[in-house]
Amino acid sequence: MGIYQLLISLVDRLLHIVWNSPRLQHYLFTHRPKVYKVVMGQRELLDHIAATMAREQREVYWLHASSYGEYNVIRPVVQRLRTAERAVVITFFSSTGYEMLQAKNKHGEEADYVFYLPLDKKCYVRRFLDSVKPQRAVFAISEYWMNYLNELQRRKIPAFVVSMSVPESSYLLKWYGYPIRKALNAMQTMMVLDEGSKERLQQVGFCNVVVTGDPLFDNAVAIAREDYHHPVVERFAKTTNGLLVAGSINDERDVALVTQLVNRHSERKWLIVPHELKDQCICSIEQRLTVKCLRSSQCDDQTLLDDVQVLIVDELGQLARLYRYGRWAYVGGGFTPYLHSVIEPVVYGMPVVYGPRLERKPVAREMARMGIGGVVETPGELEQWWTAMEDDHRLKRLQQQALQYAQRQAGATDRVVEILLSGTARKEVGE
């Protein structure tokens, strides 16, 4: 803990240096815009939170997510808590998650309050909790801050973690994970995705573990049921008998696999949705393609799409809804530990293919075991999977299995909300 406190103090000192240096601010704004947003977001943050929360009289539930993707996991939980007349505070440490939710929450549609999370310094933690006064604290998936957890435990504020996954390689199971394991004693209930995670946590002494499944299924199902129309994509989809979707690709290996397959099969049409919308990322995809492609931002009602093989959607936050136009999907991130959501396409009954790094993704492992997911590492393996999906009889069977699997997984939100509202009695936790 001593090293951790020292690092936090060092970060705090660096923040103050930047706040007092217009030259450093300009450098970060120009060269490290995401860092700039996080740094400036911390400035006078605690005063802002205190002033904003001063008049709140309802019970407050505080939920923290590391990213917008993790927020989407707990989004159905948030909506259910709000219908239960709880005030919901959402925090992010990252700028991307904060900005995306702020943009969607202009009229309070998503949450009552959205803040950056103040730095995990003891005095800041105390001020934050004094202002927010949460009845419950909920952490999504994997981002834990030790001083927050310790102060929650000291104040006897029930804390929970939702959609936790503990693979065999998790640092929580290693000797150097002891400080985090000790801080996690603050958790009243640890809600995990699968039995394997529960067993591994029990092996290191945790008894307060419940398998609830993944609320992301409920969120994805709700999105799939929304009335949604994207005029350009709809016109593009009508020019083919089976649109193929490559979602959240940016990693070099994902781009290489997808573009090689596209170039070999110019008779097919693809929807490509990059994970990041930086121009250099989109240009990298375009430069690898030998077929005609357009960006959705370049299209209007008059744009001819019949001879376009690839439509690149350069719009933020649309992917979960765009899968409805597809036949099957490639999901990016699988060559890193951060495979993106395979749940979003599977709720539409789409077989899904992805890279091999599944250690943190029990749903992707289960889908691969069932055959509705596929793991590929080389162009040849992707070609083989593609060929199998061209068999209409096989594809229809897998589509039905995918829908049935998604339906079976729904309902995690009910289990999570029941635990949060009831305040399940805490069991003793040993180290």
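**Close-up views of a predicted model**

View 1. Trp386 has its place in helix H18 (residues 379–389); helices (H or I, at least four residues) and strands (E, at least two) are DSSP runs, numbered from the N terminus. This is a predicted model, in which local features need pLDDT of at least 70 and side-chain atom pairs count only at pLDDT 80 or more, while totals for chains, interfaces and linings use all residues. Residues are numbered from 1 along each chain as its sequence is written, and side-chain values use heavy atoms, with hydrogens and water left out. Trp386 counts as buried because its relative accessibility is 2%; buried means under 20% relative accessible area, exposed over 50%, and partly exposed in between (1.4 Å probe, protein chains only). Not counting residues up to four places away in sequence, Trp386 touches Leu244, Leu261, His265, Glu267, Arg268, Trp270 and Trp328, where contact means heavy atoms within 4.5 Å. From C-alpha to C-alpha, Trp386 and Arg253 are 17 Å apart in space, and 133 residues separate them in sequence.

**View 2. The open sheet from E10 to E14.** In this sheet, 7 strands with parallel pairing follow the order E10-E11-E9-E8-E12-E13-E14; two strands pair if DSSP finds at least two bridges between them. Strand E10 (293–295) and strand E14 (373–375) are the edge strands, each pairing on one side only. From one strand to the next, the twist averages 20°; axes are lines fitted to C-alpha atoms, for helices over the stretch in contact, and angles run from 0 to 180 degrees between N-to-C directions. Strand E8 (residues 243–249) and strand E9 (residues 269–274) run parallel and are joined by 6 bridges. Leu244 stands opposite Trp270 in E9. Helix H14 (residues 279–288) lies across E8, E9, E10 and strand E11 (310–312), and runs at about 165° to E10.

**View 3. The open sheet from E3 to E7.** The order of these 7 strands is E3-E2-E1-E4-E5-E6-E7, and their pairing is parallel. Strand E3 (113–116) and strand E7 (209–211) stand at the edges with a single partner strand each, so one side of each is left without a neighbour in the sheet. The twist averages 20° from one strand to the next. Over 4 bridges, strand E2 (residues 87–92) pairs with E3 in the parallel sense, and Thr91 has Phe115 in E3 as its bridge partner. Helix H8 (residues 146–154) packs on the sheet, where it touches strand E1 (60–64), strand E4 (134–140), strand E5 (159–164) and strand E6 (187–192).

**View 4. The largest nonpolar core.** This core has 150 residues; a nonpolar core is a set of buried Ala, Val, Leu, Ile, Met, Phe, Trp, Tyr and Cys residues joined through side-chain atoms within 4.5 Å. Trp62, Leu63, Met164, Leu184, Trp270 and Tyr330 have the most contacts inside it. Helix H5 (residues 68–83) provides the largest share, 7 residues.

**View 5. Helix H11 and Glu344.** In helix H11 (residues 216–224), 7 of the 9 residues are buried, among them Asp218, Asn219 and Ala220. Glu344, in helix H16 (residues 343–346), is in contact with Ala220, Leu319, Ala320 and Tyr323, leaving aside neighbours within four places in sequence. Glu344 is buried yet has no salt bridge, and the nearest side chain of opposite charge, Arg321, is 7.7 Å away. A salt bridge is a side-chain nitrogen of Lys or Arg within 4 Å of a carboxyl oxygen of Asp or Glu; for charge, Lys and Arg count as positive and Asp and Glu as negative, while His and the chain ends are not counted.
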